[in-house]
Amino acid sequence: MLQIKDMPVRASDRSRVRIFATVKVMHETSRARVVDLSASGMALDIEKPIKILPGQIVTIESEELGRLTATVRWYNNGRLGLQYKLNTNSLAQISSYFRFFHEEVKPVMRR
């Protein structure tokens with residue numbers, strides 16, 4: 001029996017987001033909503049069922065993230081887990097998103 005201490009741990013912390021995107025795999029396309037995002041991958045809720053298998057390469061396009069290529073890690077009940085195929089362009093797009101949209105806002109102290 002597997003114990004919690006034996007389970008794999010995610011490589012990166014994830015942030016909850018609401019980004020609308022389009023997922024393309026082979027000749028199928030579906031609208032989706034990115035629900036969490038990290039430096040190494042993302043999870044999406046797919047609007048309509050499409051044929052996807054772990055290991056397939058998909059393209060994600062969104063206004064906030066631009067165009068990214070990723071590998072399917074899992075697909076279950078309309079939710080899709082992806083790992084980026086990182087190159088310098090993809091890394092810059094993800095870093096830019098976190099810099100501009102997930103900036104930590106520091107409170108201003110008033111006297």
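Two strands count as paired if DSSP finds at least two bridges between them; strands (E, at least two residues) and helices (H or I, at least four) are DSSP runs, numbered from the N terminus. The model here is predicted, so local features need pLDDT of at least 70 and side-chain atom pairs count only at pLDDT 80 or more, while totals for chains, interfaces and linings use all residues. Residues are numbered from 1 along each chain as its sequence is written, and side-chain values use heavy atoms, with hydrogens and water left out.

Start with β1 and β2, which make a hairpin with two residues between them. In the turn sits M26, with a positive phi of about 50 degrees. The two strands run antiparallel and pair over nine bridges, and F20 has R33 in β2 as its bridge partner. β1 also pairs with β4, again in the antiparallel sense, this time over three bridges; here T22 stands opposite E61 of β4.

Now for S62, which belongs to β4 (residues 57-62). S62 touches I19, F20 and A21 (heavy atoms within 4.5 Å), leaving aside residues up to four places away in sequence. Its side chain also reaches the backbone nitrogen of L65 at 2.9 Å.

Finally, the inside. A nonpolar core is a set of buried Ala, Val, Leu, Ile, Met, Phe, Trp, Tyr and Cys residues joined through side-chain atoms within 4.5 Å, where buried means under 20% relative accessible area (1.4 Å probe, protein chains only). The largest one has 24 residues, with L37, M42 and L82 having the most contacts inside it. β1 gives this core its largest share, five residues.

Definitions and conventions. A polar contact is a pair of N or O atoms within 3.5 Å; within protein, one must be able to donate a hydrogen and the other to accept it, and residues adjacent in sequence count only if both atoms are side-chain atoms. Buried means under 20% relative accessible area, exposed over 50%, partly exposed in between (1.4 Å probe, protein chains only).
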